[in-house]
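Thanks for asking me to take a look at this one. My notes follow as numbered points, so please read them with the model open.

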Amino acid sequence: MSSSPTRRERIHLDGRTLEGGGQLVRIALALSTITGKPITIDHIRGNRTGKKGLKASHLAAIKYLADVSGSAVSGAEVGSSSLTYHPPADAETCVRQNGDITIHLPTAGSISLVFQALYPYLLHKAGCLSDEEPQPVRMSITGGTNVSFSPSYDYISQVLVPNFARVGLPPLAVRLDKRGWATGPFSLGKMTFVIHPMRRNQESRYGFPRVDLDRYPRGRINHIDITVLAPDTLLFGGSEQHAHPKKGNSETSNDTSRPITVRQLIEYETMHMLRTRLRRMPSSIVKGGSAGPPASPYENDEIVPINLHVSERTHHRSHIYLLIVGYTSNGFKIGREALFGAHAEGSLRKTLGRKGRPTDDRSIATELVERCVDAFEYELYDLRLHSRCAGRQPCVDEYMRDQLVVFEALGMSTSKNEADGKGKEGEEYYSLHTKTARWVCEQMLGVEW
């Protein structure tokens, strides 16, 4: 670990660096409160298209952290492009919190992003009592559970929570009290987190456990779960196979008058498309995968078990969501999700035969399935990326990887040993979010990766 700035020296961060979005703000706030180092962030979310500056979800995290630590803040208002956050000199000491934590967002802003900003500090705080047995912290947040460009409740519960446990972080539980959607009719949801205190590690400066992802290779996929949230709106012109899909069924009914629902269509198309794509995968990626050319369409249908984990009816045509979770042989979960209305640039399907987004229910459902399965396939095996990377692929998915950076940095030993480079991750696999998170940790903690 290199020498870091003196404890009270203010650190200036340019909010346009790398990804240049809200993640930079969230990580900087958490680390500032833990370390007691004051920060100024200029050009907040400066790389974002549309509205820039602070959002309501950022303000909720700022308000809680400032109140619980006694930090002084200026520039904390919606739309502000500059923020100064000044923790007190003893911010790293434990602040006792009586009762549960309750946070309300005025809109269906992302609950998960507020959690992301608060979780490192709450872990640090909950485990710092030495004169009594630390108790779990219960935090309820009202806002959006399924929101564009942020992890959903389903991703958090099925991917993030078990992966945190797998790398050695303390037990974390999350409960869905009510769904809240950012699309369609205004709907506030609620999630409750139970955060267990961490056992303080004497080898790291701030007591966090060591998180060393270089210990874990990317495992093979041996099981897949699917979560479908969609309305039961009827679609006519379907097939009996869609209404009652059977594993390995190669016969397609000619009956096109039988109606199916949007939810049934998504279930069937996801299963069918996944099985087709998995046959292309080498055995090093998927248990039972092919070592040669793809199998015939209905040969070896169950390469890995595919389970419909959750199928939940929604009540608006814009409330559509799909999550695919791959279980790996070394205990990690690989997830990819797709939400109606959340389109990354360049994701429009060529198969639609026209420019623009689909508008009818069948096309909307099909586009969402293709987008999610495409992303899951590329997450498992992107041949172009594999061919040019010297390092290995991370043991978790692209979006999970950036969530772990702050815990890697906080858990680094004060007497860091140099790694030999063997088996290390290839930085070519890192997303811009991961690179941004690493940059913030370098500025705040002085860590060397």
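1. A word on terms to begin with: two strands count as paired if DSSP finds at least two bridges between them. Helices (H or I, at least four residues) and strands (E, at least two) are DSSP runs, numbered from the N terminus. With that in hand, strand S6 (residues 137–143) and strand S8 (residues 189–195) run antiparallel and are joined by seven bridges. Within this pair, Thr-142 stands opposite Lys-190 of S8.

2. Please keep in mind that this is a predicted model, in which local features need pLDDT of at least 70 and side-chain atom pairs count only at pLDDT 80 or more, while totals for chains, interfaces and linings use all residues. Residues are numbered from 1 along each chain as its sequence is written, and side-chain values use heavy atoms, with hydrogens and water left out.

3. Which strands make up the open sheet, and in what order? There are four, in the order S5-S6-S8-S7, and their pairing is mixed. Strand S5 (101–104) and strand S7 (172–178) stand at the edges with a single partner strand each, so one side of each has no neighbour in the sheet. On average, neighbouring strands here are turned by 15° against each other, direction ignored.

4. Helix H4 (residues 153–166) packs on this sheet and touches S7 and S8, contact meaning heavy atoms within 4.5 Å. The direction of H4 makes about 170° with that of S7. For such angles, axes are lines fitted to C-alpha atoms, for helices over the stretch in contact, and values run from 0 to 180 degrees between N-to-C directions.

5. Do look at helix H3 (residues 111–126), which has a kink of about 40° at Leu-118, shortly before the proline Pro-120. The bend at a residue is the angle between axes fitted to the seven residues ending there and the seven starting there. H3 is mostly covered, with 16 of its 16 residues buried (under 20% relative accessible area, 1.4 Å probe, protein chains only).

6. Overall, the protein has 10 helices and 14 strands, and buried residues make up 54% of its 449 residues.

Methods:
Buried means under 20% relative accessible area, exposed over 50%, partly exposed in between (1.4 Å probe, protein chains only).
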